[in-house]
Amino acid sequence: MRPEILKIVGGRVFTPQGWKKDATIVVKEGKIAEISSSPIEIEGAETIDAKGNNVVPGGVELHIHGGGGRDFMEGTEEAFRVAIEAHAKHGTTSIYPTLSSSSVEMIKAALTTCEKLMAEPYSPILGLHLEGPYFNPGRAGAQIPEYITPPIPADYEDIINNTTALKRWDEAPELPGTTEFGQYCSSHGVLAAIAHTKAEYPDVKRAWDCGFRHVTHFYNAMSGFHNVREFKHEGTVESVYTFPEMSVEMIADGIHVPPTILKMIYMVKGVERTALITDALACSASDSNTAFDPRVILEDGVCKLADRSALAGSIATMDRLIRTCVEKAEIPLEDAVRMSSETPARIMGVLDRKGSLETGKDADICIYTPAVELKTVVQQGRIVTNQLNAN
């Protein structure tokens, strides 16, 4: 429900200026109307007592394939709504639904659905993300192989020119046509990102020069330091580190990337260039053990190809990402929160309305205990879930 006026009181509120103890947040019409260190009396306001817990901005999910048993590749309104609501209960208040490598027809169907849902009041959808199909077959991982191809100008130009919903597109920059693809995306407001690649430094530099500014699930499905016969070569990972302004995202489930590497990415790239993602599949945020792709199995707390040749996606949720960063990677809570909210909002150019708790921004709010247990989620003023007994 979305009360006319909502107050969150008694919390330790995380703002861009730091923590505010015993602060009050007032929410009206889905926006943060006021944040005060003093009590505020408003007749008729619905109140959530945060009980001294941590009040932080809701998660902005850059890379997610589904949840609640549904996959965005289905392209239907029902699939979108079910998956989005399933993850909202785990702290994802803004979302970029993601399609794995797909046919042009599947992409257009998902874009049509995305455009319709984005037009609804208080929509959590900020745009569509295409993970492929322009990838290196040797680093395709769990991508559906029959869709993998180098960039096809007629296809991507047609898609980009006929939608306002597409916000990001991933590609392997060693492929022929990278320069034209990157330039076309960046000149049309679509973030180009490096993914599923064997790129070395010259390829990464070419990508940067033609407009690529982001890297998909860093360390996963990309090359690292390696030998070619007796000579050592930098991989995609090392090359990306040499571009300080290039942002990255990490699947912080503690499985796709070990906690030690999570901490290293955070230390080298920093909070402002590192985003947390789930890369979650349909079986996430649900009781289902079945993935949308029949080749995928759920085992050891992660999705894998059935032949165990590659990881295929996660079953993580936003609250788990933050908890993993804090408990296993020893990242301070405030930095983990920023990487789940502020940084992805900055990467996608929506920091003016998302990603932090400030007056005038969307009231996307989560409340966590000191043990990093999620208790309350508010999405643009709507109470998605509250285990702190609103009164």
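A residue counts as buried when its relative accessible area is under 20%, as exposed when over 50%, and as partly exposed in between (1.4 Å probe, protein chains only). Helices (H or I, at least four residues) and strands (E, at least two) are DSSP runs, numbered from the N terminus. The model is predicted: local features need pLDDT of at least 70, side-chain atom pairs count only at pLDDT 80 or more, and totals for chains, interfaces and linings use all residues. Residues are numbered from 1 along each chain as its sequence is written, and side-chain values use heavy atoms, with hydrogens and water left out.

By these terms, helix α9 (residues 333-340) is mostly covered. Of its 8 residues, 7 are buried. They are L333, D335, A336, V337, R338, M339 and S340.

The protein chain as a whole holds 10 helices and 23 strands. Its radius of gyration, taken over C-alpha atoms, is compared with a globule rule of 2.2 Å times the number of residues to the power 0.38. For 391 residues, a compact globule would have a value near 21 Å; the chain has 20 Å, which agrees. Along the principal axes, the C-alpha atoms fill a box of roughly 70 × 40 × 40 Å. Of the 391 residues, 59% count as buried. The accessible surface comes to about 15200 Å², and 50% of that belongs to carbon and sulfur atoms. Accessible areas come from the Shrake-Rupley method with a 1.4 Å probe; for residues, only the protein chains shown count as cover.

Contact means heavy atoms within 4.5 Å. Among contacts between residues at least 6 apart in sequence, 69% join residues at least 24 apart. Charges were also located. Lys and Arg count as positive and Asp and Glu as negative, while His and the chain ends are not counted. Each charge is placed at NZ of Lys, CZ of Arg, CG of Asp or CD of Glu. The mean positions of the 38 positive and 53 negative charges are 3 Å apart.

Strands of a sheet pair through backbone hydrogen bonds, either parallel or antiparallel. Here, two strands pair if DSSP finds at least two bridges between them. An open sheet of 8 strands runs in the order β6-β9-β10-β11-β12-β13-β16-β17, with parallel pairing. β6 (59-64) and β17 (274-277) stand at the edges; each has a single partner strand, so one side of each is left without a neighbour in the sheet. Within the sheet, β12 (residues 191-194) and β13 (residues 214-215) pair in the parallel sense over 2 bridges. A193 has H214 of β13 as its bridge partner.

T93 lies in strand β9 (residues 92-99). T93 counts as buried because its relative accessibility is 1%. Beyond residues up to four places away in sequence, T93 touches G58, G59, P124, D364, V377, V378 and Q379.

Strand β5 (residues 54-57) has pairings in both senses. β5 pairs with β1 in the parallel sense over 2 bridges, and N54 in β5 stands opposite R12. β5 also pairs with β21 (residues 365-368) in the antiparallel sense, over 4 bridges. There, V56 has C366 of β21 as its bridge partner.

M1 sits in the segment before β1 (5-15). M1 is exposed, with a relative accessible area of 59%. Leaving aside neighbours within four places in sequence, M1 is in contact with E46, G381, R382 and I383. The C-alpha atoms of M1 and V237 are separated by 44 Å, and these residues are 236 apart along the chain.
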